[in-house]
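User: I've got this model open and I'd like to walk through it with you. Can we start with the strands and work outwards from there?

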Amino acid sequence: QYGDRGFTILAFPCNQFGAQEPGTDAEILEFATSKYGVAFPMFSKIEVNGEGACPLYRSLTAAAPEADGKADIPWNFTKFLIDRDGNVVGRWAPTVTPEDLVPEIERLLG
């Protein structure tokens, strides 16, 4: 919806939450595209918590911890919004839908 305005979603599969992503990168991509019509970039499976957390998620969680101060990702589909300069604008719980973020996205895109 906002791609022509420079916005995109980036997906990072993770199997640290109830083993929901046990497949290979190719299997995860096939599932996401065939079942949900995903058209945004899907990256290789990563870890987001613990000693094996990828550097990107270490940076994201440090910049935007949970409201209670915890940095760990509690469940799949935690969302981060990043501005054009790479600044973390906010972090949202897995229960927040992409549609809920429309006002924030539109504000960022001007």
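User: In the hairpin of β1 and β2, which residue takes a positive phi?

Analyst: Quick note: this is a predicted model, where local features need pLDDT of at least 70, side-chain atom pairs count only at pLDDT 80 or more, and totals for chains, interfaces and linings use all residues. Residues are numbered from 1 along each chain as its sequence is written, and side-chain values use heavy atoms, with hydrogens and water left out. The hairpin has 5 residues between its strands, and the one with a positive phi, near 90°, is Gly86.

User: How many bridges join β1 to β2?

Analyst: Strands here are DSSP runs of E with at least two residues, helices are runs of H or I with at least four, and both are numbered from the N terminus. Two strands pair if DSSP finds at least two bridges between them. Ile82 stands opposite Val88 in β2. β1 and β2 run antiparallel, and the number of bridges joining them is 4.

User: Which residues of helix α2 are buried?

Analyst: Buried means under 20% relative accessible area, exposed means over 50%, and partly exposed is in between (1.4 Å probe, protein chains only). The helix covers residues 55-63, and its buried ones are Tyr57, Leu60 and Thr61. Seen down the axis, they fall within an arc of 90° (taken from the directions from the helix axis to the C-beta atoms), so they line one face of α2. As a rule, residues three or four places apart point the same way, because an α-helix has 3.6 residues a turn. On the face turned away from that side sit the exposed residues Pro55, Ala62 and Ala63, while the buried ones are Tyr57, Leu60 and Thr61.

User: What covers the buried residues of α2?

Analyst: Think in terms of contact, meaning heavy atoms within 4.5 Å. Thr61 is a handy example: leaving aside neighbours within four places in sequence, this residue is in contact with Ala71, Ile73, Phe80 and Arg91. For the buried residues of α2, the cover includes β1 (79-82) and β2 (88-92).

User: Which backbone oxygens does the side chain of Thr61 reach?

Analyst: Thr61 is buried at a relative accessible area of 8%. A polar contact is a pair of N or O atoms within 3.5 Å; within protein, one must be able to donate a hydrogen and the other to accept it, and residues adjacent in sequence count only if both atoms are side-chain atoms. The Thr61 side chain reaches the backbone oxygen of Arg58 at 3.3 Å, and at 2.8 Å that of Tyr57.

User: How many residues make up the largest nonpolar core?

Analyst: A nonpolar core is a set of buried Ala, Val, Leu, Ile, Met, Phe, Trp, Tyr and Cys residues joined through side-chain atoms within 4.5 Å. Apart from the largest one lies another core, of 6 residues, among them Tyr2, Leu81, Leu101 and Leu109. The largest includes Cys14, Ile46, Tyr57, Leu60 and Phe80, and its total is 10 residues.

User: Which residue does Glu66 form a salt bridge with?

Analyst: A salt bridge is a side-chain nitrogen of Lys or Arg within 4 Å of a carboxyl oxygen of Asp or Glu, and the count comes to 2. The closest N and O atoms are 3.0 Å apart, and the partner is Arg91.

User: Which backbone nitrogen lies 2.8 Å from a polar atom of the Asn49 side chain?

Analyst: Asn49 lies in the loop between α1 (25-36) and α2, and is buried at 13% relative accessible area. Not counting residues up to four places away, Asn49 touches Gln16, Phe17, Asp72 and Ile73. The backbone nitrogen in question is that of Ile73.
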